[in-house]
Amino acid sequence: MLTASTGVLTLGTVRFLFPNVLSEPPSKVKVGFPDAFDEGKVDERFKDKNIWVVKYQGKLIALSTTCTHLGCTPNYLEKEGKFKCPCHGSGFFGPAMGDPGINFEGPAPRPLERWSLSIGDDGQVVVDKSRKFQQERGEWTNVDSYIKV
Amino acid sequence: MSVGDFIRNSQVWKSIFRHPAPRDRRNRVVVMLTNVFLHLHPVSVRQSGIALSYTWCMGGLTFFLFLVETITGVLLMFYYRPTLEHAYNDILGLRDVATLGVLRELHRWGAHAMVITIWLHMYRVFLTGSYKPPREFNWGVGVILLVLTLLLSFTGYLLPWDQLAIWAITVGSNMARAHPVVGHEGPGSSLITVGGVNLIHSGSDARFLLLGGRAVGGETLLRFYVLHCVAIPLAAAVLIAVHFWRVRKDGGISGAL
């Protein structure tokens with residue numbers, strides 16, 4: 001009887017500590033019309049929403065700005081054509097170097113993740129951060145991870 | 001009759017202090033045992049207990065710092081609000097506006113000092129072999145106290161809500177999501193399933209429990225504040241009592257069994 005009530009109270013306390021309501025910003029972000037992006041350029045206007053929009057070889061890509069090492073936010077160094085994380089030096093390909101987001105230097109174990117892209121009702125590109133694609137899982141070939149322009 | 005005698009013979013005085021002030025051995029013991037604060041202490045200590053070259057007094061210093069942290073912490077609570085809009089500015093206010101706002105620095109330095117004294121204390125206990133049977137359990141209690149102190153440092157680090165705080169906690173909590181079974185990005189994360197539904201995901205794993213959300217945010221700040229000010233200090237206080245009791249019963253500090 002004692003163990004049962006202790007167990008129930010413990011389980012109840014633990015469940016209490018899991019919040020049921022979260023206040024998070026919406027995961028879908030409109031970034032503009034498909035023809036508004038330049039080839040080989042990185043659009044940093046949505047960096048505070050964890051998105052870099054890159055046009056590479058005629059495809060629009062939405063890169064996550066979270067370094068895959070320990071979660072800091074890299075900087076895009078346009079002159080050197082790469083993304084460089086200030087925390088521990090992880091480096092990722094910019095569009096000038098190769099497939100954007102591939103890790104090539106520093107401690108990052110895998111490439112930057114990509115968000116899902118679609119065309120919204122008004123024709124604008126919509127980035128959906130509730131769905132991600134990881135290159136190391138072969139997911140970058142998935143049609144929803146890019147938009148052909 | 002002098003004023004002192006008059007007071008000491010009054011009903012108010014006698015109801016608070018039932019025995020006269022200590023003057024002989026028996027009376028000293030009686031006073032110690034009938035006072036709630038004094039009875040926590042031993043009636044007498046061996047002289048070897050204050051041999052600094054043997055004990056280093058690091059355990060005592062750690063406890064002293066714990067009390068300093070508690071008192072400075074409570075005082076800081078009068079000027080700090082653990083919300084997204086107020087946390088950072090309240091800390092700045094303590095620095096720039098509050099009288100003796102250096103209390104915030106004392107609290108921070110005290111935390112650093114406490115970790116150092118704990119390590120020195122552990123080192124001394126190791127060097128004097130004071131962890132050997134039958135004292136192994138007390139060593140274990142001490143290790144748990146070490147972990148609680150480090151958790152106090154971890155939770156307190158977030159409260160200023162500056163860049164250093166947010167990223168340190170982001171990195172630290174990311175370890176929780178990589179944990180086996182209970183972390184949603186760790187090995188075995190899809191092991192716990194009920195009716196085909198994966199129970200461990202970004203909104204239900206160990207990291208979610210720690211942060212109160214899927215990223216370090218307002219819920220995390222509040223959670224860490226409660227842990228830092230109430231939950232962990234209470235747990236530490238209980239274990240400190242056990243730790244001291246054990247030393248007392250095993251012959252007193254630097255005493256033989």
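Trainee: What share of the contacts in chain B with a separation of 6 or more comes from residues 24 or more positions apart?

Mentor: That's 60%, where a contact means two C-beta atoms, placed from the backbone, within 7 Å. Keep in mind that this is a predicted model, so local features need pLDDT of at least 70 and side-chain atom pairs count only at pLDDT 80 or more, while totals for chains, interfaces and linings use all residues. Residues are numbered from 1 along each chain as its sequence is written, and chains are lettered from A and ligands numbered from 1 in the order in which they are written.

Trainee: OK, what is chain B built from, in helices and strands?

Mentor: Chain B has 11 helices and two strands, taken as DSSP runs numbered from the N terminus (H or I, at least four residues, for helices; E, at least two, for strands). The order along the sequence is α-α-α-α-α-α-α-α-α-β-β-α-α.

Trainee: And which domains is chain B divided into?

Mentor: Domain 1 covers 1-41 and domain 2 covers 54-249; those bounds come from an automatic or database domain assignment. The centres of the two domains, taken over C-alpha atoms, are 41 Å apart.

Trainee: How far does the C-alpha trace of chain B span along its principal axes?

Mentor: About 80 × 50 × 40 Å.

Trainee: Switching topic: where does Asn35(B) sit?

Mentor: Asn35(B) is in the loop between helix H3 (25-34) and helix H4 (52-55) of chain B. Its C-alpha atom is 9.4 Å from that of Arg18(B), 17 residues away along the chain.

Trainee: Why does Asn35(B) count as partly exposed?

Mentor: Because Asn35(B) has 14 other C-beta atoms within 10 Å. Buried takes 20 or more, exposed 12 or fewer, and partly exposed is in between, with C-beta atoms placed from the backbone.

Trainee: How many residues of chain B are in contact with chain A?

Mentor: 10 residues of chain B, against eight residues of chain A. Helix H9 (residues 163-177) of chain B gives the largest share of the chain B side, four residues.

Trainee: Last one: which residues have the most contacts inside the largest nonpolar core?

Mentor: Val53(A), Leu60(A), Ala62(A) and Leu117(A), in a core of 25 residues. A nonpolar core here is a set of buried Ala, Val, Leu, Ile, Met, Phe, Trp, Tyr and Cys residues joined through C-beta atoms within 7 Å. E3(A) gives the most to this core, with five residues. There's also a second, separate core of 17 residues, including Leu159(B) and Trp161(B).
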